[in-house]
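Here is a report on a two-chain model. It takes the symmetry first, then the interface, the sheet and core, and last some local backbone features.

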Protein chains: 2
Amino acid sequence: MALLHYPVYNKNLDIVVSSITTLDIHDIARIVRTYSLGKFYIVTPLKSQMELIKRLFRHWTDGYGALYNPTRKEALLKTDVVKSLEDVIKEVEGFHGKRPLLIATDAKRFPGSISYDKMIYSLSKKNQYILLFGTAWGIEKSIVTGTDFILEPIMGIDDYNHLPVRGAVAITLDRLFGRRNSHASESA
Amino acid sequence: MALLHYPVYNKNLDIVVSSITTLDIHDIARIVRTYSLGKFYIVTPLKSQMELIKRLFRHWTDGYGALYNPTRKEALLKTDVVKSLEDVIKEVEGFHGKRPLLIATDAKRFPGSISYDKMIYSLSKKNQYILLFGTAWGIEKSIVTGTDFILEPIMGIDDYNHLPVRGAVAITLDRLFGRRNSHASESA
């Protein structure tokens, strides 16, 4: 999974680099770990932001933080920061020798948007995938339309469609990878 | 829905009052609004924390924030802060003239834990419900076992079970109220 801080839109639909939110990193790392995805890539082209994240990793994986909060450490061990989506693609291709397929998420519906059920069916085939989420006002349009799959937006009950990215990641991973029908001991 | 800051456990399993996290409030308010729940109650017995939240509400619903971020305003209009779970129950009872049923969520499984499918079936009956989430290390045990329903924990792929409460709320509401099978126009 990759969380893009560039290229994304701001409120006025300019293409910008968004700032890292450290809570996003911790939350999303825990969610990615919960559903056992291979890796969580934070994508930003800004060197200063990359340095900030690396310092944060060191604190929580090697420093005092690792002792204080071991479940946070475990989540961050599968997290990395890279400078572009192309670098994520190259790394995954390097692991598996095959260019991964890209899945975009967006709060808007696109002409080719597919349902979660269709996506689950595709995921059952033996390919590598990168699931993309955007920060700020969403991923720049040509990136979205250039992917292999675009997931339909998460809709609630009516037309209010403003989930925080942390919430969208949680819901999307649960829909794609969650086990909804477990064998709970059930009361009457 | 109610988010409890008391009585909850800390890391050492002492019963404590946890601190308000303002980002929790904004995230959860957006998620609750997305799934059109009646109301989001933040529960804390601390007057200073209640005052902080009320100031935050004023900023985002009447102040400059309402103009700057109208979708945040809309989410917060259904949010309130109260001093105890008993006060939440009384208010909901006042709306509907009938004591609401309580649903607990917990990261641990309890003997009577029920599945999401069973819970969805119960929700289709004409009752009022309050869905409880705990902050910190979870809701004090006697509150959980005293509810009418305990939802089974959200499990991922293996035994890592440390979702942030923001993520747990998103997944739970989507499982109970989300529409997973929409009529998306689908590509091949």
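## Symmetry and interface

Chain A can be laid on chain B with an RMSD of 0.0 Å, by a turn of 180° and a shift of 0.0 Å along the axis. That is the relation of a two-fold axis. The same surface serves both copies: 100% of the contact residues of chain A recur in chain B. The model is predicted.

How many residues of each chain are in contact with the other chain? There are 42 residues of chain A in contact with 42 residues of chain B. Four helices of chain A each supply at least two residues of the side that touches chain B: H1 (22-34), H4 (70-76), H6 (116-123) and H8 (165-177). H8(A) gives the most, with seven residues. By class, this side of chain A has 15 nonpolar, 13 polar and 14 charged residues.

## Sheet

In chain B, six strands form an open sheet. Their order is S5-S4-S1-S7-S6-S8, and the pairing is parallel. Strand S5 (79-82) and strand S8 (149-150) of chain B stand at the edges. Each has a single partner strand, so one side of each is left without a neighbour in the sheet.

The table gives three of them.

| Strand pair | Sense | Bridges | A bridge in the pair |
|---|---|---|---|
| S6(B) and S7(B) | parallel | four | Ala104(B) with Leu132(B) |
| S1(A) and S4(A) | parallel | three | Ala2(A) with Tyr41(A) |
| S4(A) and S5(A) | parallel | four | Val43(A) with Val82(A) |

S6(B) covers residues 101-104 and S7(B) covers residues 129-134. In chain A, S5 covers residues 79-82.

S4(A) pairs with S1(A) and also with S5(A). Are the faces of S4(A) covered or open? Both faces are covered. Phe40(A) and Ile42(A) lie on one side, Tyr41(A) and Val43(A) on the other, and all are buried. In a regular strand the side chains alternate between the two faces of the sheet.

## Core

In soluble globular proteins, nonpolar side chains tend to be buried together. The largest nonpolar core here has 91 residues. Which residues have the most contacts inside it? They are Ile103(A), Leu132(A), Ile103(B) and Leu132(B).

Leu132(A) shows how such a residue is surrounded. Leaving aside its neighbours within four places in sequence, Leu132(A) is in contact with Ala2(A), Leu4(A), Leu102(A), Ile103(A), Ala104(A), Thr105(A), Ile139(A) and Thr147(A). One of these, Ile103(A), is itself among the residues with the most contacts in the core. Another, Ala2(A), has Tyr41(A) as its bridge partner in S4(A). In the other chain, Leu132(B) is the bridge partner of Ala104(B).

## Local backbone features

Each chain has a cis peptide bond. In chain A, the bond from Tyr6(A) to Pro7(A) is cis, with omega near -10°. In chain B, a cis bond joins Tyr6(B) and Pro7(B), and omega is about -10°. Pro7(A) sits in the loop between strand S1 (2-4) and strand S2 (8-9) of chain A. Pro7(B) sits in the loop between strand S1 (2-4) and strand S2 (8-9) of chain B.

Positive phi values come next. Phi of Ser36(A) is near 55°, a positive value in a residue other than glycine. Ser36(A) lies in the loop between H1 and strand S4 (40-43) of chain A. With 13 C-beta neighbours inside 10 Å, Ser36(A) counts as partly exposed. Ser36(B) also has phi near 55°. The loop of Ser36(B) runs between helix H1 (22-34) and strand S4 (40-43) of chain B. Ser36(B) counts as partly exposed, with 13 C-beta neighbours inside 10 Å.

A glycine follows a helix in chain B. Helix H5 (residues 85-96) of chain B has 12 residues. From first C-alpha to last, H5(B) reaches 17 Å, close to the 16 Å expected at 1.5 Å a residue. Just after H5(B), Gly97(B) takes a positive phi of about 70°.

Is Ser48(B) buried or exposed? Ser48(B) is exposed, with 8 other C-beta atoms within 10 Å. This residue belongs to helix H2 (residues 47-61) of chain B. Ser48(B) and Ala136(B) are 88 residues apart in sequence and 19 Å apart in space, C-alpha to C-alpha.

How values were computed
Residues are numbered from 1 along each chain as its sequence is written. Chains are lettered from A and ligands numbered from 1 in the order in which they are written. This is a predicted model: local features need pLDDT of at least 70, side-chain atom pairs count only at pLDDT 80 or more; totals for chains, interfaces and linings use all residues. Two residues are in contact if their C-beta atoms, placed from the backbone, lie within 7 Å. Ala, Val, Leu, Ile, Met, Phe, Trp, Tyr, Cys and Pro count as nonpolar, Asp, Glu, Lys and Arg as charged, and the others, Gly among them, as polar. Two strands pair if DSSP finds at least two bridges between them. A nonpolar core is a set of buried Ala, Val, Leu, Ile, Met, Phe, Trp, Tyr and Cys residues joined through C-beta atoms within 7 Å. A residue is buried if 20 or more other C-beta atoms lie within 10 Å of its own, exposed if 12 or fewer, and partly exposed in between; C-beta atoms are placed from the backbone. Copies are superposed by least squares on the C-alpha atoms of residues with pLDDT of at least 70 in both. The expected span of a helix is 1.5 Å times one less than its number of residues.
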